[in-house]
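Here are my notes on the model you asked about. Please look through the sequence and the structure before reading on.

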There are 4 protein chains.
Amino acid sequence: MASFNIMGGNLPCPLVKENTMIKVGIVGGTGYTGVELLRLLVAHPQATLRVITSRADAGTPVSQMFPSLRGYVDLPFTHPDEAHLEQCDLVFFATPNGIAMQQTRALLDAGVRVVDLSADFRLQDIAAWEKWYGMTHVCPDLVAGAVYGLPEINRAQIKSARLVANPGCYPTAVQLGFFPLLEAGVIEPDSLIADAKSGVSGAGRKAEIAVLFAESSDSFKAYGVSGHRHLPEIRQGLARVDGNPVGLTFVPHLTPMIRGIHATLYGRLTSETDLQALFEQRYAGEPFVDVMPAGSHPETRSVRGANCCRIAVHRPQDGDTVVVLSVIDNLVKGAAGQAVQNMNIMFGLPENTALNNVPLLP
Amino acid sequence: MASFNIMGGNLPCPLVKENTMIKVGIVGGTGYTGVELLRLLVAHPQATLRVITSRADAGTPVSQMFPSLRGYVDLPFTHPDEAHLEQCDLVFFATPNGIAMQQTRALLDAGVRVVDLSADFRLQDIAAWEKWYGMTHVCPDLVAGAVYGLPEINRAQIKSARLVANPGCYPTAVQLGFFPLLEAGVIEPDSLIADAKSGVSGAGRKAEIAVLFAESSDSFKAYGVSGHRHLPEIRQGLARVDGNPVGLTFVPHLTPMIRGIHATLYGRLTSETDLQALFEQRYAGEPFVDVMPAGSHPETRSVRGANCCRIAVHRPQDGDTVVVLSVIDNLVKGAAGQAVQNMNIMFGLPENTALNNVPLLP
Amino acid sequence: MASFNIMGGNLPCPLVKENTMIKVGIVGGTGYTGVELLRLLVAHPQATLRVITSRADAGTPVSQMFPSLRGYVDLPFTHPDEAHLEQCDLVFFATPNGIAMQQTRALLDAGVRVVDLSADFRLQDIAAWEKWYGMTHVCPDLVAGAVYGLPEINRAQIKSARLVANPGCYPTAVQLGFFPLLEAGVIEPDSLIADAKSGVSGAGRKAEIAVLFAESSDSFKAYGVSGHRHLPEIRQGLARVDGNPVGLTFVPHLTPMIRGIHATLYGRLTSETDLQALFEQRYAGEPFVDVMPAGSHPETRSVRGANCCRIAVHRPQDGDTVVVLSVIDNLVKGAAGQAVQNMNIMFGLPENTALNNVPLLP
Amino acid sequence: MASFNIMGGNLPCPLVKENTMIKVGIVGGTGYTGVELLRLLVAHPQATLRVITSRADAGTPVSQMFPSLRGYVDLPFTHPDEAHLEQCDLVFFATPNGIAMQQTRALLDAGVRVVDLSADFRLQDIAAWEKWYGMTHVCPDLVAGAVYGLPEINRAQIKSARLVANPGCYPTAVQLGFFPLLEAGVIEPDSLIADAKSGVSGAGRKAEIAVLFAESSDSFKAYGVSGHRHLPEIRQGLARVDGNPVGLTFVPHLTPMIRGIHATLYGRLTSETDLQALFEQRYAGEPFVDVMPAGSHPETRSVRGANCCRIAVHRPQDGDTVVVLSVIDNLVKGAAGQAVQNMNIMFGLPENTALNNVPLLP
């Protein structure tokens, strides 16, 4: 039987039994989201990896493609046709957009719960989804029942969800930074600006000229200024909170680092308020949102490898513009870590199970 | 006599005679601005470097500190007391703030023209300067007569200037991006946002923990959100153009690359206009501002090593927010290149003399 | 009482009681070795951090200097005079060279065990130590009793050691690569070559020009070719195995990455042998040495953040030169991880306790 | 007529007439070698670019693909079938291996001289070439007449060559480092070691996973240890100098920087000699080889963008191993710069024409 083989054999907690474990499958495990899921799940005391699929690399040991997993994962990639995903308790989709929507219905019908790390179930507006993603959606009805997996706004629904749409990386960093301000109604909702910077892993593990080392190192650029797929997702999330459509300008940039997103958010204040207290109170109970002391400038490396969003709020020169700095690791809180957090919530586990590792700094 | 020793000896244009050359001195040549000035001046057919000073490194050959200059510069650093700067035609100050203001009067009195790459003569408001730079200014009268050395707005005054205040790196990128919009009066001047990202060389060649490789590589952060010294300089320049004080939020960031500034600028449009045409017309005659085709995203590497500002203008989703992307090499158009451009203007030379090198890409 | 405050509070294994825990102190915690020790110890179920000292930063919360530790370490740095290190079970020295030798005798006398991550106790030849480190050694007698903390060669002695000299980063990577060949007597011991490449964190968290981002990024260089402090340490270790002095040329290089050492080792073969089998057998039982399949090229990122040395052995064109590729994370297996491994051995714990995390890739 | 359009129009030397210029064509201009050739040729006062071909990108303006060339090159890429290369005086091949050998005969027959930057004409041993490059060679007779374009060993033959095989990047750095030692007969020729490190641009501008930013940044690895195509080329060059076959172990590595090669060379000394003097004398007249002072450690950035090889020679601990450090910019002295140097020699121009730019540092 396929299972984890923890190096040295001493599982962190011997009380957990195999037969009480969550049987997990991963569809599409050759990208950065997939390997990151594996890194986190390896340390999860109550999940056992049953299968990880790849059409192109079926038969190749996972640890051959990702030597960092030698000694931790001894599974090969399995062809989708032989994966028997219906025997899992939970399936993660770490696939390109358009795959999960093809396979989710059968899994749900078989009683499997699904966390989709792609964008297939994120937008409730199907027409908008089809426009931005350039495909016809094959299961709009499932979208309607999907829960947007941002625990800081949707924890209760996630608990009972059968299908979770795991948020995008930019949307996670941007929404967590704007929520307190919009919920409190202290900024104009029609002129929001999100100037966001992403590390190159955000582009995925795809052979493309633009993200070669020799193209993207030692340089900086914006991209997609005319429109980026994460724009409607962010707008949807902010509108839900605000109660009305919001006006948002979203400019993503590529920065020469591997991991990390830094969102710099701008809003126009409409009333006096203690911004520091507002943020601290909003996230007081949240295990994975860290409101830093007043005057702080969070660095992306301070969350490298960790399921954490660090936020600082500023009001320069006491003017009417509020500036929020929000950082995450795009592969963790922006993808695989949030997916595990959602799994923990869905299965009634402590929310930080397997998510307590300290960021890697330097 | 100390002079350049061009490797191989073939000066590009043999018609230029030594006795018609501009005798140049550099004060404070051990920083990045200094070595960059040397790189550019080495190729200048009508300038000859007479002296380069350093108090701490007097006697050390310049090319020992900067091996890239081996074969090009055979001068040692000279102690300031023995520099005889008064024999130069032009002196560049590539010093920390507060040095140039101590020495400029004597040079001007001796008939030497001065280009100060530090901030000593940039702010006309002496009180503001003293607040932001934490020093008492010793020659406010000289500030009043100094010309702000941004050729794209001040070319005529630079021509006859005896003292030029070379602009800061952020101010160059930000002002060039906002000028067309403010001059045309098509944006609200009270809610400008400049989200700027700088390579690490912008921090200078100083031994500080925060800019160590192991601290600033593979990470991204904002800094100085509460206030940065370039803020009043930018505001002064924009107000001059607009005719009124402007409201500006300026957020600088540190990005893991050596050279380059990317300014992402946001303004709220107040009237319909052809933005692309506006920018193209404004900079039609400028040799060092390149307005890129509509839809472009300039990369900082596209100006690496070159005295060029590339600009693209966007209006996302045809909304009321204009987004300007402006990139420069902070050490060239943001410092040493602009200083040479100013020198060329001051001495009646073709403005692009020694500034025609192609950017280094990749 | 000072102690860890694990975010969320769910310790991985509730059976471990506070009163059975190892009380740990760290001297000099403001460098990279210090913060890395903290990252690892935070997750250690049987160690509790009692104190971490810093003369310069006494009173500053550790997590203020290293925000990655927010929520995990709530101690401030303590002044050495108030540290009461004698109440610890184990003290780690993460100090510059020359500090540990001043303080170790008192700690040993108080019954505290010591792991020194600096070089004070690594060289048995005191004269050699004094020459390479430029100091007079104050306790040669303690050196004589110190155990060199490379478990793969010294595990039994470490078990009962009161004072462990934790190996240097280069020496760890180089020795582990040469051991199998020298033990088997299949290479000439008088013409070994170690061409080693280190990430910049190996230079420590010190404000020095040479390791600024703008100096060391996008460049590569050798250094210390005439002699490096790790040379005598490597020679001592190899000679111990070989039984005779060895001839070694050691050339370290600086490569633009944060963490990682890649040692490329060359030896002249003196007899036919199955090199792959030799290495696999030598390290068959070792939890932290991974002999990769024949033909492999280990990447430093494959051990990023992990206490692992990955090795591949090659014999190009079946000639008489063997090439060994050996990679470690200089801060983990090359410093803090190895120190925790030594602690685990000294206290009879499973050797991989708190050292089972998967490398961070990408 | 297609031609350069130098920004601003002031050619550095107005005496050069169009009709005396070398008409240059480039085949395959979309890679890094191509864009680097353009950067250098733009500044060449006696060469005019007539055509640059690309099958895939025919019609696209060159400056659209490489915005760094905006204002310098206004040609589009031309389809090979419409290129009329036979009207050129010189054609550079900046193509993948196997293309130049298809087209060279026709060009030579038309009286066009050829500099091939690919490997098609580098190896005199056709069988070896076919083995390493996996193709049948279509014109072995032309190989026999081709001149290996390393001016420091072959200047006289290059002068009259009709077909120049431009050396590989590793072979340039390695051969220049070994030549003085082999020529003087002071090292054992049968146990040479070349441990070489290359920046990522050496892999070319090809969409491949292994050279993505997120794969190759912040990591270091060897590759091709069992055999690399540059090995036979280096051996051929060294054997020619030594008079006998040499024994060489060549290990290339990938280092996270864009440009640069650092070769660390090891040889066993067989006689006493003044190594520093040996190297200085060997390269005394060479414009592009810089022997650094004793004790130096050349950095790759010290030659960034320049046609220069800097070398330092060491004899650690006065032992019997000599260590040579040799650095080049792989795209300049390792490719395009050397090609222009060869062109200058072939056409009787000063050898440093258009190659006098100062390296870009920092």
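The points below take one chain alone, then the pairing of copies, then a contact between chains.

1. The model is predicted, and every value here should be read as computed from it.

2. Chain A contains 11 helices and 13 strands. The C-alpha trace of chain A spans about 60 × 45 × 45 Å along its principal axes.

3. For 362 residues, a compact globule would have a radius of gyration near 21 Å; the value for chain A is 20 Å, so the two agree. Buried residues make up 60% of the 362 in chain A.

4. Chain B superposes on chain A by a rotation of 180° with 0.0 Å of shift along the axis, at an RMSD of 0.0 Å. The two chains are therefore related as by a two-fold axis. Within chain B, Pro256(B) has the C-alpha nearest that axis, at 3.1 Å. Both copies use the same surface, since 100% of the contact residues of chain B recur in chain A.

5. Between chains C and B, 16 residues of chain C are in contact with 16 residues of chain B. On the chain C side, helix α8 (residues 213-216) gives the most, with three residues. That side of chain C, where chain B is touched, consists of 10 nonpolar, three polar and three charged residues.

How values were computed. Residues are numbered from 1 along each chain as its sequence is written. Chains are lettered from A and ligands numbered from 1 in the order in which they are written. This is a predicted model: local features need pLDDT of at least 70, side-chain atom pairs count only at pLDDT 80 or more; totals for chains, interfaces and linings use all residues. Two residues are in contact if their C-beta atoms, placed from the backbone, lie within 7 Å. Helices (H or I, at least four residues) and strands (E, at least two) are DSSP runs, numbered from the N terminus. Ala, Val, Leu, Ile, Met, Phe, Trp, Tyr, Cys and Pro count as nonpolar, Asp, Glu, Lys and Arg as charged, and the others, Gly among them, as polar. Copies are superposed by least squares on the C-alpha atoms of residues with pLDDT of at least 70 in both. The radius of gyration is taken over C-alpha atoms; the globule rule is 2.2 Å times the number of residues to the power 0.38. A residue is buried if 20 or more other C-beta atoms lie within 10 Å of its own, exposed if 12 or fewer, and partly exposed in between; C-beta atoms are placed from the backbone.
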